[in-house]
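Biologist: Can you take me through the aromatic residues in this model? Start wherever you like.

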Amino acid sequence: MELNCTKVLNDNTNVEGIWSGASRWVGQDWLPRMQAAGLECFAWVYSPSAFSRLSADKTLNCTEDQSFIRTFDDIEAASDWLRAC
């Protein structure tokens, strides 16, 4: 990896609405490529939007290896997990 980034905080707190049309691509293509590139810990902070949360869950259901991903309802908990990861 060019920047040696092994941890990602994916803050979706401002995401609104449904984006499930991209969930299969994110789960089956993007996340596995990130992991193959060296990603070790991916903290996913849910949006308060129910539709966005459903889209995120659909993405995770499309992700074969979820061992490096954790979901959170707030940034503080996600940040704490990343620091310990």
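Modeller: Trp 19, Trp 30, Phe 42 and Trp 44 make up one aromatic cluster. This is a predicted model, where local features need pLDDT of at least 70, side-chain atom pairs count only at pLDDT 80 or more, and totals for chains, interfaces and linings use all residues. Numbering starts from 1 along each chain as its sequence is written, and side-chain values use heavy atoms, leaving out hydrogens and water.

Biologist: How many aromatic pairs does the structure hold?

Modeller: There are 4. Rings of Phe, Tyr and Trp (its six-membered ring) pair if their centres lie within 6.5 Å; planes under 30 degrees apart count as stacked, over 60 as edge-to-face and the rest as tilted. One of the pairs is Trp 19 with Trp 44, stacked at 6.1 Å centre to centre with 15° between the planes.

Biologist: What does that pair tie together?

Modeller: Trp 19 lies in the loop between strand 1 (7-11) and helix 1 (23-36), and Trp 44 in strand 2 (residues 41-45), so the pair links parts that are 25 residues apart in sequence. Helices (H or I, at least four residues) and strands (E, at least two) are DSSP runs, numbered from the N terminus.

Biologist: Trp 44: buried or exposed?

Modeller: Buried, with a relative accessible area of 2%. Trp 19 is partly exposed, at 21%. Buried means under 20% relative accessible area, exposed over 50%, partly exposed in between (1.4 Å probe, protein chains only).

Biologist: Which pair do Phe 42 and Trp 44 form?

Modeller: An edge-to-face one, 5.7 Å centre to centre and 75° between the planes. Both Phe 42 and Trp 44 are buried.
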